[in-house]
Amino acid sequence: MKNPLLPVKATITGIKRETEDTKTFSLSIEDSSYTAKPGQFNMVGYPGVGEAPISLSSMASEGRFQHTIRSVGRVTEFIDGFKEGDVMYVRGPYGTYWPLDNAIGNDILLVAGGVGLAPLRPVVQEILERRNSFGTVTLIYGSRTPDNMLFLREIDTWRKNIAVFLTVDEVTPNTKWDYDVGLVTQLLDNAAINPVKTFAFICGPEIMMLFVSRGLSMRGFLPSRVYVSLERRMKCGIAQCGHCQHGGKFICKDGPVFLYKDMSRLADGLL
């Protein structure tokens with residue numbers, strides 16, 4: 001049996017700068033059987049430096065996948081210095097995933113904030129591959145400024161098949177911005193959403209997920225159809241170290257994708 005704690009080498013086959021502090025790394029490992037579902041994560045790092053939990057930002061196929069990584073800590077700052085052809089170490093995939101199969105035949109609402117669009121990007125990719133399996137698909141994406149938004153060119157191609165609403169907190173002087181300014185919650189009423197037949201997948205800052213989830217509940221969404229993604233304090237990835245234990249749940253094993261109602265019910269609820 002494969003050791004779940006044993007990392008493998010992942011060669012960087014491409015790097016794309018998304019924002020000033022965020023890059024998308026295209027990776028390849030020798031294990032062509034490697035596969036992952038949208039929403040799962042890898043532990044990514046380098047010996048002697050450490051590891052960080054990073055959700056996959058693309059579909060995985062034949063040992064090839066992508067991670068979109070923001071440079072915000074020791075491990076990610078170290079990875080930020082890598083070049084094409086360098087090697088990082090990954091282990092996984094771990095955790096739960098967005099329930100796309102349950103949503104077949106239904107509408108889908110995706111709500112993302114900041115780098116929270118990265119774990120939802122493979123959802124969009126899979127939806128586009130199976131577009132006829134789903135009804136209306138809506139993406140609401142917000143960021144601090146236009147310069148902080150991910151995948152903008154790619155989003156333009158998504159518009160051909162899904163409805164897209166973009167917003168930012170503020171627009172800096174001399175910056176061209178043709179979309180909304182304000183919170184993502186303000187856009188919930190702009191989208192044509194049928195709460196009875198829609199699954200909602202939400203990823204971003206916890207305070208954003210809190211207010212979006214509550215807003216959807218007020219608009220008639222069923223509690224069994226609102227999902228959020230959490231990442232915090234994960235170390236082992238297999239619920240053995242206890243770092244990410246939250247109440248009776250382990251973020252790494254029981255998540256990172258949860259029903260919002262399950263996390264909001266905990267006494268020390270994150271949301």
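The second largest pocket of this predicted model has a volume of about 480 Å³. Of the 24 residues that line this pocket, Gly113, Gly114, Ser143, Arg144 and Pro205 are the closest to its centre. A pocket is here an open set of points on a 1 Å grid over the protein atoms alone, with protein on both sides within 12 Å along at least five of seven lines, and lining residues have an atom within 4 Å of a point. Grid points are joined across faces, edges and corners, and a volume is the space filled by probe spheres set on the points. At least two lining residues each come from β8 (137-143), β9 (163-168) and α4, and α4 gives the most, with three residues. Helices (H or I, at least four residues) and strands (E, at least two) are DSSP runs, numbered from the N terminus. By class, the lining of the second largest pocket divides into nine nonpolar, 11 polar and four charged residues. Ala, Val, Leu, Ile, Met, Phe, Trp, Tyr, Cys and Pro count as nonpolar, Asp, Glu, Lys and Arg as charged, and the others, Gly among them, as polar.

The largest pocket holds about 770 Å³ of space. Its lining comprises 32 residues, with Pro53, Ile54, Val72, Val115 and Glu231 nearest the centre. The elements that each supply at least two lining residues are β4 (50-55), β5 (64-70), α1 (74-80) and α4 (206-218); the largest share, six residues, is that of β4. The lining of the largest pocket contains 16 nonpolar, eight polar and eight charged residues.

Helix α4 contributes to the linings of the largest pocket and the second largest pocket. The 13 residues of α4 should span 18 Å at 1.5 Å a residue, and the end C-alpha atoms lie 18 Å apart, which agrees; the expected span is 1.5 Å times one less than the number of residues. Within α4, Met208, Met209, Leu210, Val212, Ser213, Gly215 and Leu216 are buried, that is, under 20% relative accessible area, against over 50% for exposed and in between for partly exposed (1.4 Å probe, protein chains only). These buried residues pack against β7, β11 (198-203), β12 (226-229) and α6 (260-264). After α4 comes Gly220, which has a positive phi, near 95°.

One cavity of 30 Å³ or more is found in a search of the whole structure. A cavity is a set of grid points where a 1.4 Å probe fits but cannot get out. The space in the largest cavity is about 40 Å³, and the lining is formed by Asp107, Ile108, Leu109, Thr136, Thr138, Ala192, Ile193, Asn194 and Thr198. Strand β7 (residues 107-113) provides the largest share of this lining, three residues. Four of the lining residues are nonpolar, four polar and one charged.

The protein chain has six helices and 15 strands. For 271 residues, a compact globule would have a radius of gyration near 18 Å, and the chain has 18 Å, which agrees; the radius is taken over C-alpha atoms, and the globule rule is 2.2 Å times the number of residues to the power 0.38. Along the principal axes, the C-alpha atoms fill a box of roughly 50 × 45 × 35 Å. Of the 271 residues, 51% count as buried. Among contacts (heavy atoms within 4.5 Å) with a separation of 6 or more, 68% are between residues 24 or more positions apart.

Residues are numbered from 1 along each chain as its sequence is written, and side-chain values use heavy atoms, with hydrogens and water left out. In this predicted model, local features need pLDDT of at least 70 and side-chain atom pairs count only at pLDDT 80 or more, whereas totals for chains, interfaces and linings use all residues.
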